[in-house]
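Please look through the model shown below with a view to its ligand surroundings, one of its helices and a few individual residues. The report takes these topics in turn.

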Amino acid sequence: MHSADRPHKSLDGDVAVVGLGAMGSAALWRLASRRADVVGFERFEPGHDRGSSHGESKVIRPAYYGEPYVELLEAVVPLWKQLERETSANLLTVTGGLLITHAGSGLFASMLEHARQRNLEHEVLDAVRLRRRYPQHRIEDTDVAIYEVSAGLIRPEVCVRAAVARAVQMGARVKTNCRVEAIEDTGEGVRIRTSDGWLRFRHAVISAGSWLAQLVPGLPVPLQIERQVLAWFRPNDVAMFSMERFPVFVCEIAPGQTRYGFPTLDGQTIKLAVHHEGSITSSDTIDRDVSESDVRPIEDFVRQALPDVEPHAIRTQVCMYTNTPGERFLIGSPVGRPAVTILGVCSGHGFKFAPVAGEIAADLALDGRTRFDLSAFVVS
Ligand SMILES: Cc1cc2nc3c(=O)[nH]c(=O)nc-3n(C[C@H](O)[C@H](O)[C@H](O)COP(=O)(O)OP(=O)(O)OC[C@H]3O[C@@H](n4cnc5c(N)ncnc54)[C@H](O)[C@@H]3O)c2cc1C
């Protein structure tokens with residue numbers, strides 16, 4: 001690849017992928033698997049902890065809200081398994097998943113409906129059975145839960161690195177520590193300004209996560225960057241929190257207020273977090289230092305709900321949600337920009353969809369269309 005401040009006709013590659021987090025790394029993998037001449041750009045290193053695709057574990061669960069996600073979910077597990085086979089990496093572990101809430105919860109009702117409609121293997125547990133099966137949780141008499149058999153966890157940093165490594169093995173080129181400064185249409189494709197100068201491609205997939213609005217001005221919906229804090233805690237008897245005994249869980253403590261957590265992955269600690277309720281910030285000014293007030297809601301949850309866990313965070317991380325109205329994804333070409341595909345699979349619930357999002361990006365970049373219904377995710 002050569003720098004090109006001077007005008008020239010030849011291309012520096014067929015497709016550029018800008019940003020190699022969950023989405024970009026998956027797009028790079030799917031494009032390389034179709035023998036596309038693809039170049040990935042990443043301002044940091046794949047698997048870094050300054051975007052959204054880090055934090056040791058992410059939840060994958062199939063009893064999902066809303067029609068637009070159903071066909072994506074059905075397609076995604078085979079792709080995760082394919083990436084595991086191709087890289088011999090341990091990406092996804094089925095642990096089962098619990099939604100713990102109280103009788104009368106709307107979230108419970110909608111999840112149960114999805115599980116039933118789609119014949120997903122699940123159980124409804126009352127307080128007595130919950131206490132017997134999961135003594136790690138403090139259960140109130142009015143609590144109920146849905147246990148989803150095929151829910152589990154995905155290892156985000158491992159996934160991103162595996163997808164990039166596999167793409168490179170199949171011929172993709174990757175520029176790390178390289179910030180893309182601008183992406184312009186040329187009529188025949190795009191030109192991309194990096195610290196190495198201008199580079200030309202037929203098509204660009206823009207998967208810049210929380211930085212998307214900087215690279216694509218005039219998005220049709222506002223993006224809100226929400227700061228999220230993850231915290232790790234030490235259980236008294238870590239064996240009780242193994243993947244076999246302690247499923248991933250979401251706990252609704254009040255309507256619209258949820259906490260979630262994972263079994264131990266390091267044999268010492270478990271990770272817990274609050275879903276949403278974070279401060280609104282920006283991708284460049286976000287406070288990456290974690291204060292006592294940041295971890296207080298998680299520590300309070302430990303005190304209330306997990307009696308055998310020490311209620312003091314021993315490690316923390318900061319992560320960003322990129323929220324859109326309705327938490328919908330942004331996938332497709334902006335109006336009048338057919339050489340650009342936006343891949344914004346976000347709003348705090350996108351990780352599980354990464355390989356299918358990558359597949360869709362490869363469809364759009366190479367064929368201009370996809371078999372997946374994107375009508376809920378329009379960007380124009
Ligand atoms: C705390 C937390 C918990 C979550 N839990 C779950 C969960 O349990 N289940 C789930 O499915 N999802 C979950 N998510 C959401 C999921 O992680 C995100 O939807 C997903 O990681 C977004 O990936 P991305 O590739 O769009 O963004 P990112 O991971 O931010 O990747 C974008 C990449 O683009 C790069 N970049 C940006 N600008 C440029 C530029 N100008 N030039 C070059 N490179 C650039 C960045 O460095 C970054 O690597 C969670 C998110 C957080 C923060």
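## The shell around the ligand

α1 (22-33), β3 (58-60), β13 (224-233) and β18 (315-323) each contribute at least two residues to the shell around the ligand, and the largest share, three residues, is that of β18; helices here are DSSP runs of H or I with at least four residues, strands are runs of E with at least two, and both are numbered from the N terminus. There are 36 residues around the ligand, of which E42, H48, S53, V59 and C319 come nearest, a residue being near a molecule or strand if one of its heavy atoms lies within 4 Å of it.

This is a predicted model, in which local features need pLDDT of at least 70 and side-chain atom pairs count only at pLDDT 80 or more, while totals for chains, interfaces and linings use all residues. Residues are numbered from 1 along each chain as its sequence is written, and side-chain values use heavy atoms, with hydrogens and water left out.

A polar backbone atom of A22 is 3.1 Å from an oxygen atom of the ligand, a polar side-chain atom of K58 lies 2.9 Å from a ligand oxygen atom, and for V345 a backbone N or O atom is found 3.0 Å from an oxygen atom of the ligand. Of the 1000 Å² of accessible area that the ligand has on its own, the protein covers 97%, with areas taken from the Shrake-Rupley method with a 1.4 Å probe.

## Helix α3

Helix α3 (residues 106-117) has twelve residues and reaches 16 Å from its first C-alpha to its last, close to the 16 Å expected at 1.5 Å a residue, where the expected span is 1.5 Å times one less than the number of residues. Within α3, F108, M111, L112, H114 and A115 are buried, which is to say under 20% relative accessible area, whereas exposed means over 50% and partly exposed in between (1.4 Å probe, protein chains only).

The buried residues of α3 pack against β5 (97-102), β6 (122-126) and β7 (143-148), contact meaning heavy atoms within 4.5 Å. At the start of α3, a side-chain oxygen of S105 comes to within 3.2 Å of the backbone nitrogen of L107, and α3 is followed by N119, with a positive phi near 55°.

I183, in strand β10 (residues 180-185), is buried at a relative accessible area of 7%. Residues up to four places away in sequence aside, I183 touches V18, V190, R191, I192, A204, I206, L215 and R337.

G189 sits in the loop between β10 and β11 (190-194) and is buried at 3% relative accessibility. Although G189 and D14 are 175 residues apart in sequence, their C-alpha atoms are 9.2 Å apart in space.

## Positive phi in two loops

Most residues other than glycine have a negative phi. N177, in the loop between β9 (173-175) and β10, has a positive phi near 50°. E277, in the loop between β16 (270-275) and β17 (280-281), has a positive phi of about 60° and is partly exposed, with a relative accessible area of 43%.

Note on methods: Polar contact = N/O pair within 3.5 Å; in protein donor to acceptor, adjacent residues only side chain to side chain.
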